[in-house]
Amino acid sequence: MKALLSVELRRILARRVVRIAALAGLLAILIAGGTLFARSHRLDPAARRALEQQVAADHQAAIAACVNGEFGIPVDEVPPGETLEQFCRDFVGVPEIPDPTFHLIAFQTIAVNLSGLFIVLFAVLGATLIGAEWHAGTITTELTWEPRRARLHLAKVLAAAAFALVGFVALQVLVGLAVTPAAVLRGVTRGMDASWLWSTAGVVARGAVVAALAAAAGASIAFIGRGTAVAVGVLFVYLAVLEPMFRGVKPWFQRWAVYDNAARFIMGQTAGFTQHGRTTVAAGVLIGMYVGVLAAASLAAFQRRDVT
Amino acid sequence: MPGSVIEVEGLRKEYRRLRGGRTLAVDGLDLSVPPGGVFGFLGPNGAGKTTSIRCLLGLVRPTAGRCRLLGAEVPGGLARVIQRVGSIVETPTLYPRFSGRLNLELLGRLHGIGRSTCTARLEQVGLGHRADDPVRTYSLGMRQRLGIAAALLKDPEVLILDEPANGLDPAGIKEVRDLLRKLGSEGRTVFVSSHQLSEIQQMCDQVAILSQGRYVAGGPVVEVLAHGRQQTMIVRLAELESGRSALVAAGLDAVRRDDHIRVNLPLTEAARVTEILARKGLYLSELRPEEISLEAVFLELTGSPPPEHAP
């Protein structure tokens with residue numbers, strides 16, 4: 001099994017699609033890091049004061065415009081006991097002072113937001129790794145070297161999952177490294193205590209687990225459908241069409257939805273869009289069970305069907 | 001048969017069609033391949049050769065019947081003996097974007113076979129100079145050679161090769177023929193399916209002929225060639241027409257061809273032919289049994305045109 005797994009990993013790393021994806025990812029991360037570096041800058045006290053004054057002046061001008069009727073608000077819409085100016089102050093709201101300085105603690109939010117993209121990437125890669133084998137017919141050749149289909153199936157799915165696990169962490173670390181110069185040289189590194197580090201590591205680790213499960217799911221569906229297109233199509237139709245539709249119509253379904261549970265597990269807290277959630281561990285276990293069932297179904301199909 | 005390397009008993013395989021119905025690919029095939037030598041597996045297109053090979057290698061589940069390879073039941077015991085079996089099923093399927101060397105190394109690692117063995121096999125099949133090129137740049141013949149190299153990688157006792165000469169040029173065909181003969185003479189069992197009957201005739205010690213999923217004839221090549229064909233002899237003499245008339249007048253079935261007379265009699269009756277002709281003052285320059293090609297026997301047994309002449 002060790003040899004089989006090592007061969008599968010070697011094969012994955014030699015695949016062109018993997019190399020292209022890695023290169024594209026690296027390039028995108030470098031561009032993002034460079035852009036952030038160029039845009040981030042620290043404000044000296046005088047510049048900050050000037051910015052605050054500018055924002056305050058803009059705020060006052062907006063309130064004045066509202067009071068002068070330029071916003072077209074009918075007078076009878078002003079609640080009883082409230083002056084038009086008070087209403088306009090509420091309407092315009094409290095202005096935010098733009099902060100052009102990058103704070104390294106924001107990396108955790110970046111990591112959470114990028115997780116979805118990376119997970120989709122690894123799900124597709126998992127599907128294409130297996131789909132391409134069926135397309136090229138190499139499964140036939142491999143079966144003449146390892147006829148125990150369960151072992152071959154397990155090795156391929158595990159290799160896809162392991163690749164995604166390591167790949168996800170590598171990408172997040174690269175993103176972290178890419179944004180660090182902007183924080184160190186042109187931004188702020190305050191707030192990076194042990195608690196933040198643990199919390200961020202937890203986000204990345206849980207995201208990596210979900211990426212591994214997504215790759216295993218993609219690989220399993222490709223085993224059933226014997227092609228990449230089928231697997232990607234099934235993933236897309238379920239995650240982008242069926243599940244959002246169903247969870248919109250039946251809110252209780254959020255407890256069972258892949259999207260809500262994956263988000264809950266990665267973030268370690270209930271996402272704003274989830275009303276009916278689970279605990280972090282329960283969400284992770286549920287996602288794991290889904291993938292386990294999918295993998296078992298694909299193994300059964302692989303065991304039973306002829307390879308022609 | 002005890003001691004057989006490959007045993008197939010009552011093998012039957014039906015494929016279900018997507019729109020319903022079934023296609024019968026193999027219909028009660030019995031086959032026994034003894035150890036050592038080259039065994040040819042012949043049949044017209046669609047006779048069930050590849051399906052039988054797929055059943056033997058555990059790729060396809062038989063509808064009925066059983067297969068044994070090196071004494072192990074297929075598919076249950078296949079893992080126990082697969083180390084001793086090398087195979088090609090149809091066109092070898094390897095990773096097109098990987099080099100020939102990488103493809104072999106990845107396969108070899110599964111059984112602890114090192115880089116040097118891979119290099120040696122690539123050299124053996126004449127692919128040493130292209131070993132590091134992607135397989136997608138190989139011609140069909142080169143892919144076939146790579147498939148043979150992969151099949152030889154395990155230094156197998158049994159080689160199961162489905163159309164190994166497919167796509168090769170005449171020189172390549174001869175090389176493969178010589179290689180398989182050499183492997184057979186080393187004591188390995190080479191089970192080879194082919195539609196190139198002349199190749200099989202030159203290469204194999206024994207053959208089995210398959211038609212519509214059934215075994216129709218088999219055994220040592222010389223016996224199969226002799227099948228139902230001992231009745232004809234070729235007679236050559238100066239006066240062909242006089243000779244033919246004399247033989248026909250004596251009640252024999254004789255037909256004149258371009259430069260000889262074909263007499264439908266076994267060679268054991270040669271003295272009778274000689275006597276008839278001598279009485280008429282006609283003297284033979286040649287008398288021999290008609291040589292029969294495997295192609296002709298194949299045609300007769302399967303009732304179909306030889307595959308290489310099929311459209």
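Buried area is the accessible area, taken with a 1.4 Å probe, that two parts lose on being put together, summed over both. Keep that in mind for the interface. Chain B and chain A bury about 2,600 Å² between them. Of that, 63% is on carbon and sulfur atoms. On the chain B side, B:Leu59, B:Tyr95 and B:Leu110 lose the most area to chain A, together 25% of what that side buries.

Now the ground rules. This is a predicted model, where local features need pLDDT of at least 70 and side-chain atom pairs count only at pLDDT 80 or more, while totals for chains, interfaces and linings use all residues. Residues are numbered from 1 along each chain as its sequence is written, chains are lettered from A and ligands numbered from 1 in the order in which they are written, and side-chain values use heavy atoms, with hydrogens and water left out.

Confidence next. The predictor gives the complex an ipTM of 0.75 and a pTM of 0.79. pLDDT is the predictor's confidence in each residue, from 0 to 100. Chain B averages 84. There, 92% of the residues score at least 70. Residues 306-311 of chain B stay under 50. For that stretch the model has 13 contacts beyond four places in sequence; contact means heavy atoms within 4.5 Å.

Back to the interface. Chain B puts in 30 residues and chain A puts in 28. How many salt bridges does the rule find across the interface of chain B and chain A? It finds 1. The rule asks for a side-chain nitrogen of Lys or Arg within 4 Å of a carboxyl oxygen of Asp or Glu. B:Lys13 pairs with A:Asp306 in a salt bridge, the closest N and O atoms being 2.6 Å apart.

Polar contacts: 14 residue pairs between chain B and chain A, both residues at pLDDT 80 or more. The definition is a pair of N or O atoms within 3.5 Å; within protein, one must be able to donate a hydrogen and the other to accept it, and residues adjacent in sequence count only if both atoms are side-chain atoms.

Which elements give two or more residues to the side of chain B that touches chain A? Strand S1 (6-16), helix H2 (78-81) and helix H3 (100-109) of chain B. Helices (H or I, at least four residues) and strands (E, at least two) are DSSP runs, numbered from the N terminus. H3(B) gives the largest share, 5 residues. By class, that side has 19 nonpolar, 5 polar and 6 charged residues. Here Ala, Val, Leu, Ile, Met, Phe, Trp, Tyr, Cys and Pro count as nonpolar, Asp, Glu, Lys and Arg as charged, and the others, Gly among them, as polar.

Stay with S1(B). Two strands pair if DSSP finds at least two bridges between them. S1(B) pairs with strand S2 (residues 22-33) of chain B, antiparallel, over 9 bridges. B:Lys13 stands opposite B:Val26 in S2(B). These strands form a hairpin with 5 residues between them. In the turn, B:Gly20 has a positive phi of about 90°. S1(B) also runs antiparallel to strand S4 (residues 64-69) of chain B, with 5 bridges. There, B:Glu9 stands opposite B:Arg66.

Last, backbone geometry. Most residues other than glycine have a negative phi, and most peptide bonds are trans. A:Arg226 has a positive phi, near 55°. A:Arg226 sits in the loop between helix H8 (194-225) and helix H9 (228-249) of chain A. B:Gln212 also has a positive phi, near 50°. The bond from B:Val74 to B:Pro75 is cis, with omega near 10°. B:Pro75 is in the loop between strand S5 (72-74) and H2 of chain B.
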